[in-house]
Amino acid sequence: MDPTVQKIIDELTRAGERHDADQPDRLRRWRVLEPDAGRFVRLLAHTTGARRIVEIGTSRGVSTLWLAEAARTLGGTVLSLDTDPAAQDDARRSAAEAGLDDRVEFRVQDGGEALAALADGEVDLLFLDAERTEYTAWWPHPVRVLRPGGVLVADNALSHPDEIAPFHDLLLQDPSLLVTTIAVGKGELVALRR
Ligand SMILES: C[S@@+](CC[C@H](N)C(=O)[O-])C[C@H]1O[C@@H](n2cnc3c(N)ncnc32)[C@H](O)[C@@H]1O
């Protein structure tokens, strides 16, 4: 791991913990990805040789940095989507500080709308970290956009199992997918498209 990127991830993670501890409104918390889950999504990027990575839910860009560092090694890019322009401004500054701004396209756009506009099979790794209850409305695009051998990961599978259950069920009913939940961070729901 690039030490400069790791340092910025560590600082942002600590800043996020301090920020969220004082913020009663869930939607105004940063809710950054836990370090072990960050290491896991980075590992998945390498495992799949991901060159086209899409994430929905930038916030301050912690997961973006984990993914973009992998993308740089793999010769790929990250498209990071969020509906909050102020959060993306902060994330953009962090990516520039980390020297990864040339690897990330930050775009203020609804994740479902963006997924619907992507071509079949163009995504190697899709990371979902937005409002879990919206994911079923995005169907079938989260799977349609994956190439065979591509992977979808959704955060909060164990912290919010009830919210993610309907989406989990859709994944389980799709015969093209291998699905499991990994107990790192807040729980990562993982689906491999065969
Ligand atoms: C849990 S935070 C993301 C944390 C981030 N992945 C990280 O590791 O720092 C969720 C983010 O999803 C964004 N969001 C919620 N609904 C969305 C949607 N429909 N499309 C795009 N972004 C959305 C929120 O604005 C918020 O910034």
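Helices and strands here are DSSP runs, numbered from the N terminus: a helix has at least four residues, a strand at least two. The model is a predicted one. By that definition, the protein chain has seven helices and seven strands.

## The chain as a whole

The elements run α-α-β-α-β-α-β-α-β-α-β-α-β-β. The radius of gyration of the protein chain is 15 Å, close to the 16 Å that the globule rule gives for 194 residues, so the chain is as compact as a globular protein of that length. Its C-alpha atoms fill a box of roughly 40 × 40 × 30 Å, taken along the principal axes.

How many of the 194 residues count as buried? The share is 42%. Contacts across the sequence matter for this picture too. Take the contacts in the protein chain with a separation of 6 or more: 72% of them join residues 24 or more positions apart.

Helix α3 covers residues 62-74, and helix α4 covers residues 85-97. Their axes come within 10 Å and cross at roughly 35 degrees. The crossing of α3 past α4 is right-handed. Which residues make the contact? From α3 come Thr64, Leu65 and Ala68; from α4 come Ala91, Ser94 and Ala95. Four of these contact residues are nonpolar and two are polar, with no charged residue.

Serine 59 sits in the loop between β1 (52-56) and α3. Is serine 59 buried or exposed? A residue is buried if 20 or more other C-beta atoms lie within 10 Å of its own. Serine 59 has 23 within that distance, so it is buried.

## Backbone features

Most residues other than glycine have a negative phi, and most peptide bonds are trans. Some places in this chain read otherwise. Phi of serine 59 is near 50 degrees, a positive value in a residue other than glycine. Asparagine 156 also has a positive phi, near 75 degrees. Asparagine 156 lies in the loop between β5 (146-154) and α7. It has 21 C-beta neighbours inside 10 Å, so asparagine 156 counts as buried.

Now the peptide bonds. The bond from tryptophan 139 to proline 140 is cis, with omega near 5 degrees. Proline 140 belongs to the loop between β4 (123-128) and α6 (141-144).

Proline 3 is in helix α1 (residues 3-21). Proline 3 has 7 other C-beta atoms within 10 Å and is therefore exposed. Histidine 168 is in helix α7 (residues 161-173). It has 20 C-beta neighbours inside 10 Å, so histidine 168 counts as buried.

Glycine 76 lies in the loop between α3 and β2. With 19 other C-beta atoms within 10 Å, glycine 76 is partly exposed. What does glycine 76 touch, leaving aside its neighbours within four places in sequence? Its contacts are Ala50, Arg51, Arg52, Ile53 and Ala71.

Valine 179 is found in strand β6 (residues 177-182). Valine 179 is partly exposed, with 16 other C-beta atoms within 10 Å. Beyond its neighbours within four places in sequence, valine 179 is in contact with Leu171, Leu172 and Ala191.

| Pair | Apart in sequence | Apart in space |
|---|---|---|
| Glycine 76 and alanine 45 | 31 residues | 9.9 Å |
| Valine 179 and aspartate 124 | 55 residues | 16 Å |
| Proline 3 and proline 85 | 82 residues | 28 Å |

Technical notes: Residues are numbered from 1 along each chain as its sequence is written. This is a predicted model: local features need pLDDT of at least 70, side-chain atom pairs count only at pLDDT 80 or more; totals for chains, interfaces and linings use all residues. Axes are lines fitted to C-alpha atoms, for helices over the stretch in contact, and angles run from 0 to 180 degrees between N-to-C directions. A crossing is left-handed if the near helix is turned anticlockwise from the far one by less than a right angle, and right-handed if clockwise. Two residues are in contact if their C-beta atoms, placed from the backbone, lie within 7 Å. Ala, Val, Leu, Ile, Met, Phe, Trp, Tyr, Cys and Pro count as nonpolar, Asp, Glu, Lys and Arg as charged, and the others, Gly among them, as polar. The radius of gyration is taken over C-alpha atoms; the globule rule is 2.2 Å times the number of residues to the power 0.38. A residue is buried if 20 or more other C-beta atoms lie within 10 Å of its own, exposed if 12 or fewer, and partly exposed in between; C-beta atoms are placed from the backbone.
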